[in-house]
Amino acid sequence: MSALRMHGPWAVLGIVGALCLAVLATQRGEPVNALWIVVAAISIYLVAYRYYSLYIAEHAMRLDPRRSTPAVRLNNGLDFVPTDRYVLFGHHFAAIAGAGPLVGPVLAAQMGYLPGTLWIIFGVVLAGAVQDFMILFVSMRRDGRSIGELIRSELGPIPGVIALFGTFMIMIIILAVMAMIVVKALTHSPWGTFTVAATIPIAMLMGVYSRYIRPGRIGEVSVIGFILLLLAIVYGQDVAASPTWAPFFDYTGTQLVWALVGYGFVASVLPVWLLLAPRDYLSTFLKIGTIAALALSIFILAPQLHLPAVTKFVDGSGPVWSGGLFPFLFITIACGAVSGFHSLISSGTTPKMIDNETNARFIGYGGMLMESFVAIMALVSAAVLDPGVYFVMNSPAAVIGTTPESASAAVTAMGFAITPETISQVASDVGEASIISRAGGAPTLAVGMAQIISSVFGDRSMMAFWYHFAILFEALFILTAIDAGTRAGRFMLQDLIGLVAPSFRTTSSWVPSIIATALCVTAWGTLLHQGVSDPLGGINTLWPLFGISNQMLAAVALTLATVVLFKMKRQRYAWITILPASWLVLCTLTAGLQKIFSTDVKVGFVAAARQFSDRIASGDTSGPLSAAQMQQIVQNNYINTALTIVFVVVVVSIVGFGINSCIKALRNPDWTAREAADSTIATPAPGE
Amino acid sequence: MSVLTGKSRKVLKGRLSDIGRCLCDGARLMVGMPNYDTYVAHVRATHPDRPVMTYEEFFRDRQNAKFGGGGKGGFVCC
């Protein structure tokens with residue numbers, strides 16, 4: 001009886017989730033309500049949290065409420081502080097959720113909403129949340145050490161260096177991809193460019209205010225900044241309409257690339273209090289607020305999904321990105337299902353602040369479920385759009401042309417009827433000259449969000465405001481990421497070069513700092529330029545590269561977790577990490593090898609390079625591209641091939657080292673994991 | 001509020017102020033700022049010999065720790 005009372009409600013919840021998925025999977029032809037997806041996701045998350053994460057916590061990890069955490073043992077009131085679990089959850093969530101979970105699902109919507117929904121839900125439960133939770137656990141048991149240090153101490157120094165190098169490369173690709181999203185959103189958009197540019201003086205004003213005028217008043221200065229931001233959005237419309245001012249904010253993609261590269265360099269050498277920290281306040285609070293507003297709006301509005309459950313593009317012929325459902329869907333949606341980058345956050349500040357071991361479950365596993373929910377909302381926002389609008393916004397100009405007429409004809413031919421008038425209408429609704437080929441996820445999400453939020457708060461005339469609000473919200477935290485990422489990349493690079501030339505490590509000396517910053521900016525700037533000038537729209541080449549690298553980092557993190565379980569003599573439970581690790585290795589290696597060897601020019605980098613070099617050799621300039629541009633494309637494709645090879649080598653070698661460590665641990669009769677000393681505290685800590 | 005007795009009103013008020021404090025602490029920690037009072041209490045209790053940073057010093061120290069030197073902080077996720 002008590003078992004029924006205990007498990008009964010959860011069983012009901014599980015059945016609700018399964019029924020919702022069944023409705024989604026069987027409904028064909030007519031629009032489905034978005035709440036089916038939302039309810040399915042929430043029920044499955046809750047059941048997985050209640051049972052699977054508890055199983056991991058009790059059996060694989062054996063979390064001990066009486067064992068002292070680093071925060072308790074090393075408490076210094078600064079970075080090691082026992083923190084309330086709800087407060088820490090907020091911190092952790094704000095640290096892991098960025099642009100990734102908002103963009104990936106929007107791009108994946110080209111195959112319909114169903115494949116993406118299923119991967120987000122089951123991916124997070126079995127892979128993403130497991131990774132975050134396991135790394136948090138491993139780091140928490142080792143004084144909150146970083147993933148690089150953990151790999152070095154558990155797998156050995158060589159895998160440590162390989163992982164550090166791999167992380168640096170991933171960082172570069174993330175920065176390039178994020179910057180490209182901003183460029184795609186701001187190209188020839190004076191309104192958007194004005195508001196985003198305005199964040200720089202606004203942030204500086206906030207920086208001076210919180211440094212000299214009223215030091216440390218975060219709430220106050222954030223409110224001031226927020227009001228100024230809203231004014232920037234409102235007056236951005238007038239700037240865009242003004243024939244005198246608009247040209248100052250109207251740029252081509254290439255011009256924006258140079259602006260961002262310059263910005264990245266300058267911003268990352270400025271003192272943090274002036275620009276980075278104050279803008280981080282704005283971007284963090286705006287991010288949390290907008291996500292909450294979006295969730296609320298979806299619940300109130302309960303919108304219909306207009307995108308089909310499955311489109312014909314599951315065969316890999318889609319215009320947004322190329323490649324079949326397996327493996328490329330699982331690469332396209334990284335964040336939201338499983339994101340390797342989280343292993344850096346889970347081994348960063350969070351493990352140093354957990355007040356009680358058992359709270360790692362709520363923060364690690366629960367935090368990732370929350371991010372996954374953000375991904376679900378992004379997918380819903382894309383799926384409420386008219387599919388015609390979706391494909392007009394996301395197909396490259398090489399496929400659909402640049403006028404409403406050509407785009408309408410091309411997208412209607414794809415099977416998603418749309419008139420040129422509708423295209424122009426949507427553009428004028430959101431206050432833009434054109435919405436054609438604004439790939440990259442952010443603009444699509446902004447139109448979807450503007451539609452949803454403006455239907456709940458205000459009327460259609462507010463759509464343009466909400467569109468630019470959404471663009472600003474994404475651009476804001478992407479710019480923060482570029483700035484902070486360039487800084488972090490510079491330190492990583494100094495660390496790596498320091499392996500050969502130790503004097504390079506002194507981070508306070510400005511010559512190595514400037515050189516490392518310049519190298520870092522050049523690296524992502526080159527990739528960004530390549531993406532923006534790519535005739536097939538950049539996303540097609542860079543996003544898979546980002547997905548592959550991010551998932552490979554996840555495979556590396558899960559390999560580390562597996563090794564630790566073996567060393568703890570808990571290999572019985574190692575399937576928990578081996579299962580997702582194997583899936584990720586399978587997906588990323590398949591995708592990586594296809595990217596290198598596929599003979600389909602839309603998928604394979606080498607095939608594309610060959611095609612263009614053949615055209616140059618035969619003097620064929622029939623297309624819109626000059627010989628020099630084609631030469632550039634050839635070179636870009638070889639760079640991408642090299643990067644893919646690097647990632648494949650990184651993941652294969654780390655997995656190899658991992659298997660080796662597991663075998664050694666298995667042969668050794670003793671516990672070999674290197675945990676920090678166990679100093680069990682007498683009284684159970686609060687929080688349980 | 002009239003349906004509440006004096007005692008339960010007090011409990012409710014306490015709860016609300018707890019939630020308020022939790023939200024405020026949460027928002028501040030999201031941007032890398034831990035609770036200052038906790039820090040002061042910690043230093044006073046365990047290191048009475050050490051100087052306690054003023055709030056302004058504490059603010060700068062934490063701001064630098066989140067984004068500044070060492071290369072430890074400053075990671076922004078995708």
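This is a predicted model: local features need pLDDT of at least 70, side-chain atom pairs count only at pLDDT 80 or more; totals for chains, interfaces and linings use all residues.
Residues count from 1 along each chain as its sequence is written, and chains are lettered from A in the order in which they are written. Local features need pLDDT of at least 70, side-chain atom pairs count only at pLDDT 80 or more, and totals for chains, interfaces and linings use all residues.

**Exercise 1.** Describe how helix 21 and helix 22 of chain A pack.

Step 1. Helices here are DSSP runs (H or I, at least four residues), numbered from the N terminus. Helix 21 of chain A spans residues 463-498 and helix 22 of chain A residues 510-533.

Step 2. Their axes, lines fitted to C-alpha atoms over the stretch in contact, lie 8 Å apart at an angle of about 115°, on a scale from 0 to 180 degrees between N-to-C directions.

Step 3. Contact means heavy atoms within 4.5 Å. Helix 21 of chain A contributes residues including A:G489 and A:L493, and helix 22 of chain A residues including A:A516 and A:W524.

Step 4. By class, this contact has nine nonpolar, five polar and one charged residues.

**Exercise 2.** Which elements does chain B have, and how much of the chain is buried?

Step 1. Chain B has three helices and zero strands, in the order α-α-α from the N terminus.

**Exercise 3.** What share of the chain B contacts with a separation of 6 or more comes from residues 24 or more positions apart?

Step 1. Take the chain B contacts with a separation of 6 or more.

Step 2. Residues 24 or more positions apart account for 30% of these contacts.

How values were computed
Side-chain values use heavy atoms; hydrogens and water are left out. Helices (H or I, at least four residues) and strands (E, at least two) are DSSP runs, numbered from the N terminus. Ala, Val, Leu, Ile, Met, Phe, Trp, Tyr, Cys and Pro count as nonpolar, Asp, Glu, Lys and Arg as charged, and the others, Gly among them, as polar.
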